[in-house]
Amino acid sequence: MADPDLMDTALCETLRRNPPLQLVLREARESLELPSGTIPAGATLACLIGSANRDPDQFSEPDTFNLSRAHQEPNHFAFGAGRHFCLGSLLARMEITIGARMLLQAFPDIRWAPGFEPTECGFLNRGPDRLEVAL
Ligand code: HEM
């Protein structure tokens, strides 16, 4: 609340650590040799965004929510990559940061309801199925 500009950074780190879309599917046009084995041409690949976003070779202490990370480490993959990169990413960022700022302005004492801990569920689309808050 003291620094509203931090909201975009907080969103960026939230999307890295807990991307709502966990995977994208691709089809291999040709066979591909990887250290872990061969991907045959035509195979369907599930590219795990959630896993890439916590790659310890890219992100230091990847399980930790770190607000200063966005300025020091590579971009996350929550909006995909390459030619199918999310067309709505800028709109999504704007909607979420404005909405979250307005929520904090309207309810400055907002906090989790006593005893509530958000738990994520779902695989393709992942997130908490409910949020209990005290205003
Ligand atoms: C936090 C919110 C959002 C997340 C995490 C997200 C994530 C993604 C991801 C990972 C992809 C890549 C899919 C792939 O490579 O197969 C994608 C594509 C896409 N997104 Fe989003 N998205 C979000 C919001 C939005 C919004 C608000 C819109 C539109 C208003 C939108 C429109 C699209 C479209 C049209 C594509 C397909 C782009 C293409 O195939 O060339 N997204 N999104």
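Author: Met1 is found in the segment before H1, where helices (H or I, at least four residues) and strands (E, at least two) are DSSP runs numbered from the N terminus. The model is a predicted one, in which local features need pLDDT of at least 70, side-chain atom pairs count only at pLDDT 80 or more, and totals for chains, interfaces and linings use all residues. Residues are numbered from 1 along each chain as its sequence is written.

Met1 is exposed, because 9 other C-beta atoms lie within 10 Å. A residue is called buried if 20 or more other C-beta atoms lie within 10 Å of its own, exposed if 12 or fewer, and partly exposed in between, with C-beta atoms placed from the backbone. Of the 135 residues of the protein, 9% count as buried.

Leaving aside neighbours within four places in sequence, Met1 is in contact with Leu104 and Pro108; contact requires C-beta atoms, placed from the backbone, to lie within 7 Å. Met1 and Pro108 are 107 residues apart in sequence, yet their C-alpha atoms are 8.1 Å apart in space. In the protein, among contacts between residues at least 6 apart in sequence, 52% join residues at least 24 apart.

The segment that holds Met1 is followed by H1. Helix H1 (residues 6–17) packs with helix H3 (residues 89–106) at an angle of about 120 degrees, their axes being 9 Å apart. Here the axes are lines fitted to C-alpha atoms, for helices over the stretch in contact, and angles run from 0 to 180 degrees between N-to-C directions. H1 and H3 are therefore oblique to each other, since angles under 35 degrees count as roughly parallel, over 145 as roughly antiparallel, 65 to 115 as roughly perpendicular and the rest as oblique.

On the H1 side, Met7, Asp8 and Leu11 meet Arg93, Ile96, Thr97, Ala100 and Arg101 of H3. By class, this contact has four nonpolar, one polar and three charged residues; Ala, Val, Leu, Ile, Met, Phe, Trp, Tyr, Cys and Pro count as nonpolar, Asp, Glu, Lys and Arg as charged, and the others, Gly among them, as polar.

As for the whole, the protein has three helices and eight strands. From the N terminus on, these elements run α-β-β-β-β-α-α-β-β-β-β. The C-alpha trace spans about 55 × 30 × 30 Å along its principal axes.

Note on methods: Contact = placed C-beta atoms within 7 Å.
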